[in-house]
Amino acid sequence: IRSVAFLVDGKHVVSGGEGRKIRCWRVEDGEEVGTPMDAGIPLCSQLGKTVDVSPDGTRIATSSKDKTTCIWSLSTGQRLLGPLEHDDWVVAAKFSPDGR
């Protein structure tokens, strides 16, 4: 795990890291909940994935060493935006306070 972000409820975190899975965990007991989101598309799938949760708790932003950023639906696991390609590694993704 390279990155974690709390969901709005404060009871869950999402994690990203080596491999292609974005996972959700229950803080209280550390149990994984739901099905991991598979970022196994040609881009948005490399090592070093970082995650952030939107202020409204509906989306996850990811970034990775494959020079991309993606936005995902937390409820469905579907990719909503991206891959947005950059010139170099994207070391972090962060939502602004207004969710943009």
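Guide: Let's start with a term: a salt bridge is a side-chain nitrogen of Lys or Arg within 4 Å of a carboxyl oxygen of Asp or Glu. Keep in mind that this is a predicted model.

Visitor: Happy to. How many salt bridges does the structure hold?

Guide: There are four salt bridges. One of them joins Glu 32 to Arg 23, with the closest N and O atoms 3.0 Å apart. Glu 32 is partly exposed at 32% relative accessibility, and Arg 23 is partly exposed at 28%.

Visitor: Which parts does the salt bridge of Asp 52 and Lys 94 tie together?

Guide: Those two side chains meet at 3.6 Å, N to O. Asp 52 sits in strand E5 and Lys 94 in the segment after strand E8 (79-85), so the pair links parts 42 residues apart in sequence.

Visitor: Is Asp 52 buried or exposed?

Guide: Buried means under 20% relative accessible area, so Asp 52, at 8%, counts as buried.

Visitor: Now the nonpolar core. Which residues make up the largest one?

Guide: That core has 10 residues in all, including Leu 7, Ile 22, Val 53, Cys 70 and Trp 72. Strand E3 (21-26), strand E5 (50-53) and E7 each give two or more residues to this core.

Visitor: What does the side chain of Ser 73 make a polar contact with?

Guide: The side chain of Ser 75, at 3.3 Å. Ser 73 belongs to strand E7 (residues 68-73) and is buried, with a relative accessible area of 8%.

Definitions and conventions: Residues are numbered from 1 along each chain as its sequence is written. This is a predicted model: local features need pLDDT of at least 70, side-chain atom pairs count only at pLDDT 80 or more; totals for chains, interfaces and linings use all residues. Side-chain values use heavy atoms; hydrogens and water are left out. Helices (H or I, at least four residues) and strands (E, at least two) are DSSP runs, numbered from the N terminus. Buried means under 20% relative accessible area, exposed over 50%, partly exposed in between (1.4 Å probe, protein chains only). A polar contact is a pair of N or O atoms within 3.5 Å; within protein, one must be able to donate a hydrogen and the other to accept it, and residues adjacent in sequence count only if both atoms are side-chain atoms. A nonpolar core is a set of buried Ala, Val, Leu, Ile, Met, Phe, Trp, Tyr and Cys residues joined through side-chain atoms within 4.5 Å.
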